[in-house]
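Thanks for coming. Let me put the model up, and then we go through chain, sheet and core.

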Amino acid sequence: MTSLLYGDHQSDSLWSHLVGAAVTGPMKGQKLNVLESMLTEWQTWKRLHPDTKVLSSGRGGFLASLRDPYESYYRSTDTGIIPPRVLDKRIYPKEYVLGLVMNDKAKAYPFSILSRRPVLNDNFQGVPLLIVFDSESATGVIFKRRLEGKDLIFKKTTGLDKTGLFLADDATKSVWDGLSGRGVQGPLKSEKLEPLAMTPSFWFGWVDHYPNTELFALSK
Amino acid sequence: MSLFARLIFILVGLTAVPVVAADLRPEAIVTVLPKDAIPAILSPTFEEGQKVSWLGPRDRVVGIEIGGDSRAYPVAILSRHEIVNDKIGVLPFAVTW
């Protein structure tokens, strides 16, 4: 198992970063809820959230101006400090995946597939899912594609402008912004799909923590 | 010293859900840095996104929106602090990297 642990200042328990659960100390067995988030480029986030705030680097951008100390790690084949117990080589161990947990079951969507198939209509644990991937900014998001009891099927469409990734649903042909899940044109304009909490991760870390995870693959 | 930490997680609140992922064995824990060697951010401050000039268009951020409050956490900062303890309204959460 190769993953960072965090301590809390109150009880000194240690928490698993990826799972969000305490593994030692008074809080052992407790688990935190995962909130919806997005890992993306600044320009993409600002386009989706023009009024966003930014965590201050405190010193006129000093911290942000330095190189990311992990840059070489991202590019290397290293898999953490300790070798993983479960090394599943169906895909490259350092490949990014979108990891999803529903009803205690895990599923991973590899970026290599998403970059070729940026709009996936999938089902997991009985929930109809829409997985959207913007290759330009390497941003993946997952929504429930159920709206007012009806399951929609989405495909990529030409957009209203060149900056976004746009989808159309089969039922109404409304146009949707892919990363925000908002209807922007047509009968479902102003509707919003429910985004799901997920975790972008290296595959080796995900499968080490969720050894029974499903791995999305395109059907032959 | 670089710990393995390429996983983004936003966590909130405590619930009594049992651990169901792979068993996490305490004996497998290896300490490579003393406590608080990587200083978590405990009292984050924020700038208006439209006024920020020190972030490049393609710099990576973790973004969240809660109740109409949008916040971006630049990865360049997260890589040096790894945890931001933050709060929106009554909702305490941690951004971890």
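Among contacts in chain A between residues at least 6 apart in sequence, what percentage join residues at least 24 apart? It is 44%. Contact here means C-beta atoms, placed from the backbone, within 7 Å.

Some ground rules. This is a predicted model: local features need pLDDT of at least 70, side-chain atom pairs count only at pLDDT 80 or more, and totals for chains, interfaces and linings use all residues. Residues are numbered from 1 along each chain as its sequence is written, while chains are lettered from A and ligands numbered from 1 in the order in which they are written.

Chain A overall. It has five helices and 20 strands. Those are DSSP runs, numbered from the N terminus: H or I for helices, at least four residues, and E for strands, at least two. The C-alpha trace spans about 55 × 45 × 35 Å along its principal axes. Of the 220 residues in chain A, 40% are buried. Buried means 20 or more other C-beta atoms within 10 Å of the residue's own; exposed is 12 or fewer, partly exposed in between, with C-beta atoms placed from the backbone.

Domains next. The assignment, automatic or from a database, gives domain 1 (1-33) and domain 2 (36-215) in chain A. Their centres, over C-alpha atoms, are 25 Å apart.

Now the sheet. It is open, four strands, antiparallel pairing, order S9-S10-S11-S18 in chain A. S9 (119-124) and S18 (194-195) of chain A are the edges; each has a single partner strand, so one side of each lacks a neighbour in the sheet. Pairing requires at least two bridges found by DSSP. S10 (residues 127-134) and S11 (residues 139-144) of chain A share six bridges. There, Phe133(A) sits opposite Gly140(A) of S11(A).

Over to S19 (residues 199-202) of chain A, which contains Thr199(A). Is Thr199(A) buried or exposed? Buried, because it has 26 C-beta neighbours inside 10 Å. Both faces of S19(A) are covered: Thr199(A) and Ser201(A) are buried on one side, Pro200(A) and Phe202(A) on the other. S19(A) pairs antiparallel with S7 (residues 96-102) of chain A over four bridges. In that pairing, Leu98(A) has Pro200(A) as bridge partner.

Leu98(A) brings us to the core. It is one of the residues touching the most other members of the largest nonpolar core, which has 65 residues; Ile131(A) and Tyr73(B) are also among them. Such a core is a set of buried Ala, Val, Leu, Ile, Met, Phe, Trp, Tyr and Cys residues joined through C-beta atoms within 7 Å. Leaving aside neighbours within four places in sequence, Ile131(A) contacts residues including Leu98(A), Tyr109(A) and Ile142(A).

How values were computed
Two residues are in contact if their C-beta atoms, placed from the backbone, lie within 7 Å.
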